[in-house]
Amino acid sequence: LLVSKDLGKHLLEVEDLLQKHGLLEADICAQTERVQALNAAALKFSELEGYQPCDPQIICNRVNHVQTCLEELEELAAKRRKELEDSRQLWTFFQEMEEAEAWIREKEKILAAKTCGRDLSSVTTLTAKHKTMLGELGNRRALLHQTMKKGEKILAKKSFGSVGIQEKMREVCLRWKKLEEVTGLHQQRLEDALNFFQFSAETDDLVAWLQDAYRIASSDDFGHDDYSTQALLRKHRAVVDEVEKHRASVLALRKHLALLAPDHRQGVDVQIRVVEVEQLYGEVAEVAVLRTQWLQDALAVYRMFSEVHACEVWLDEKEQWLEKMVVPEELDEVEVVQHRFESLDQEMNSVMGRILDVNQVVQQLVEGGHPSSDEVRSCQDHLNSRY
């Protein structure tokens, strides 16, 4: 049993042989105690004085022979245990390498079947899964490194069965290197896809905002009086500020596009999309400027109408006073009327200034091509004729 050359052909078989060898060692240990007891009893016969049933030398020789055989048996047992443990170490190495190869093959299949997603949500999910796989890759790399160290130790011992270890190590190292390259390439593809879909999402959000801003900026509601027009103008100025703030985002599209992977940034649809966003922003900015002018013109018209109304109310009051006025016969009353005329003269000079301001505003509106030019001019003519 101890000189057997059967060291197992795989790990399970070696484990079974080691278990059987352990039982054999236990049996040798038990027999050792028995042999030692028998030898001690036998040596007593070699020390007898007087009658000796056997030659003491024969007894000593016999005891020494048995002890030598036992020691040889123990040496054989220790040698076989070492050989079996070396065999277990060898087959453990091969099994761990096989497990590493199986794991590599599994990941190669997964990577070969993986896509980069169809939208931002799917790419984000795939990226999270890939990060998990990178963690697994790191753990497996550490295990493989430990297995490689085991293989190097076996080679250093130059024991039996070490043939094929170096070839297996080289083969697994090459496959591992290829797996890391494929993993890195897939990670780069995921990052490229993530950048592209983030760019697309940002572009879609920007387009949606610009379309909404265009709808607001192109509104034909200019208010119905001074107060409502001022309120609309305040709101519109806030919109203009937001449009200006978004200028940087529109300009950044080109920079973001330049950072995309070549197969993404060179697509015709992407190029057209960027141009469309830039054109849309230009239209929104232009409409915003026009609406600012339109609201300011509407505000000017309403203020002009308000001023005209105030002037005409004053004219109505003075016309009624002049029509009803009777030249007094008493000197005191004449002086009062004269004083009122002097005040009227001052008021008329003031109103004249207001009317001149109205005429100037009307001139600006007419020259600017205001849509209400005819109505404004008619109002101006009426006021001027009354004055």
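Let's start with E242, which sits in helix α5 (residues 226-245); helices here are DSSP runs of H or I with at least four residues, strands are E runs of at least two, and both are numbered from the N terminus. E242 counts as partly exposed at 31% relative accessibility, where buried means under 20% relative accessible area, exposed over 50%, and partly exposed in between (1.4 Å probe, protein chains only). This is a predicted model, in which local features need pLDDT of at least 70, side-chain atom pairs count only at pLDDT 80 or more, and totals for chains, interfaces and linings use all residues. Residues are numbered from 1 along each chain as its sequence is written, and side-chain values use heavy atoms, with hydrogens and water left out.

**Overall picture**
- The protein has 10 helices and zero strands.
- Of its 387 residues, 31% are buried.
- Take the contacts (heavy atoms within 4.5 Å) with a separation of 6 or more: 79% of them are between residues 24 or more positions apart.
- E242 and A213 are 29 residues apart in sequence, and their C-alpha atoms lie 9.0 Å apart.

**Salt bridges**
- The whole structure holds 16 salt bridges, each being a side-chain nitrogen of Lys or Arg within 4 Å of a carboxyl oxygen of Asp or Glu.
- E108 and R175 pair up in one of them, at 2.8 Å from N to O.
- That pair links distant parts of the chain, with E108 in helix α2 and R175 in helix α4 (residues 165-217), 67 residues apart.
- E108 is partly exposed at 22% relative accessible area, and R175 is partly exposed at 23%.
- D86 is buried, with a relative accessible area of 13%.

**Surface patches**
- Patches are made of residues with over 30% relative accessible area and no salt bridge; like charges are joined within 9 Å, and nonpolar side chains (Val, Leu, Ile, Met, Phe, Trp, Tyr) within 5 Å.
- E71, E72, E74 and E75 form a negative patch; Asp and Glu count as negative, Lys and Arg as positive, and His and the chain ends are not counted.
- Each charge is placed at NZ of Lys, CZ of Arg, CG of Asp or CD of Glu.
- E71 belongs to helix α2 (residues 56-113).
- V3, L73 and L76 make up a nonpolar patch with about 240 Å² of accessible area together, computed by the Shrake-Rupley method with a 1.4 Å probe, where for residues only the protein chains shown count as cover.
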